[in-house]
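Trainee: I would like to go through this structure with you, one question at a time.
Mentor: Go ahead, and keep the questions specific.

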Amino acid sequence: DHAHALAMHTAGEAYLRLLRETLPGALVEAAPDLVVYNAGTDVYRDDPLGGLALSADDILARDTFVVDQVQAQGAALLWVPSGGYTHDSAALVATSLLTCFGSQLT
């Protein structure tokens, strides 16, 4: 079981620590050919529905870590932006996409 409950208002430091501790091993264990990444921005601290407290920098760190880990495993990645109910949500997604894939976008 790879489920990990997070308390309401969990901040980026704790969230990212758990991600860094668990994702690499889960990817090795699963050995996926394809990873579907639900990259929601409802984890953003200003989001009224998400319940977590990540900053914009935390979301970018999350996304770059996930992309790096998936690429290190040699798996294909399907990025699905989702969630996010603030005026900042589109900018959060755009920043991550440009940072992670900017050189590949045409």
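Trainee: Of the contacts with a separation of 6 or more, what share comes from residues 24 or more positions apart?
Mentor: This is a predicted model. A contact here means heavy atoms within 4.5 Å. Among contacts in the protein with a separation of 6 or more, the share from residues 24 or more positions apart is 73%.

Trainee: In what pattern do the helices and strands follow each other along the sequence?
Mentor: The protein has three helices and two strands. Read along the sequence, their pattern is α-β-α-β-α.

Trainee: What is the radius of gyration, and how does the globule rule compare?
Mentor: Along the principal axes, the C-alpha atoms fill a box of roughly 40 × 35 × 20 Å. For 106 residues the globule rule gives 13 Å, and the value for the protein is close to that, so the protein is as compact as a globular protein of that length. The radius of gyration is 14 Å.

Trainee: What percentage of the residues is buried?
Mentor: The accessible surface comes to about 6300 Å², and 55% of that belongs to carbon and sulfur atoms. A residue counts as buried under 20% relative accessible area. Of the 106 residues, the buried ones make up 37%.

Trainee: How far apart are the mean positions of the positive and negative charges?
Mentor: The protein has 4 positive and 13 negative charges.

Trainee: How are the rings of Tyr37 and Trp79 arranged?
Mentor: The structure holds two aromatic pairs, and Tyr37 with Trp79 is one of them. The ring centres are 5.4 Å apart and the planes stand at 80 degrees. Planes over 60 degrees apart count as edge-to-face. The arrangement of Tyr37 and Trp79 is therefore edge-to-face.

Trainee: Why does that pair tie together separate parts of the sequence, and how many residues apart are they?
Mentor: Both Tyr37 and Trp79 are buried. Tyr37 belongs to strand E1 (residues 34–40), whereas Trp79 belongs to strand E2 (residues 76–82). The pair ties together these parts because the two residues sit in separate strands, and their separation in sequence is 42 residues.

Trainee: Which residues make up the cluster linked by ring pairs?
Mentor: Trp79 also pairs with Phe101: the ring centres are 5.5 Å apart and the planes are at 80 degrees, so this pair is edge-to-face. Trp79 in strand E2 and Phe101 in helix H3 (residues 89–101) are 22 residues apart, and both are buried. The cluster consists of Tyr37, Trp79 and Phe101.

Trainee: Which residues does Ser96 contact beyond its neighbours within four places in sequence?
Mentor: Ser96 lies in helix H3. Its relative accessible area is 1%, so Ser96 is buried. Leaving those neighbours aside, Ser96 is in contact with Ile59, Leu60, Asp63 and Trp79.

Trainee: Is Leu97 buried, exposed or partly exposed?
Mentor: Leu97 lies in helix H3 and touches Trp79, Gly102 and Leu105, not counting residues up to four places away in sequence. Leu97 and Leu60 are 37 residues apart in sequence, with their C-alpha atoms 9.1 Å apart in space. The relative accessibility of Leu97 is 26%, so the class is partly exposed.

Trainee: How far apart in space are the C-alpha atoms of Pro48 and Ala31?
Mentor: Pro48 is in the loop between E1 and helix H2 (56–73), and Ala31 is in the loop between H1 and E1. Pro48 is exposed, with a relative accessible area of 62%, and Ala31 is exposed at 52%. The two residues are 17 apart in sequence, and their C-alpha distance is 36 Å.

Trainee: Which residues does Pro48 contact, leaving aside its neighbours within four places in sequence?
Mentor: With those neighbours excluded, a contact still needs heavy atoms within 4.5 Å. The partners of Pro48 are Tyr85 and Thr86.

Trainee: What is the phi of His9?
Mentor: His9 lies in the segment before helix H1 (12–30). At 59% relative accessibility, His9 counts as exposed. Ala31 has a positive phi of about 45 degrees although it is not a glycine. His9 is not a glycine either, and its phi is positive, at about 70 degrees.

How values were computed
Residues numbered from 1 in each chain as written. Predicted model: local features only at pLDDT ≥ 70, side-chain atom pairs only at ≥ 80, totals over all residues. Heavy atoms only, no water. Helix = DSSP H or I, 4+ residues; strand = E, 2+ residues; numbered from the N terminus. Rg over C-alpha atoms; globule rule 2.2 N^0.38 Å. Buried < 20%, exposed > 50% of the residue type's maximum accessible area, 1.4 Å probe, protein only. Areas by Shrake-Rupley, 256 points an atom, 1.4 Å probe, with all protein chains shown as cover. Lys, Arg positive; Asp, Glu negative; His and termini not counted. Charge placed at Lys NZ, Arg CZ, Asp CG, Glu CD. Phe/Tyr/Trp six-rings, centres within 6.5 Å; stacked < 30°, edge-to-face > 60°.
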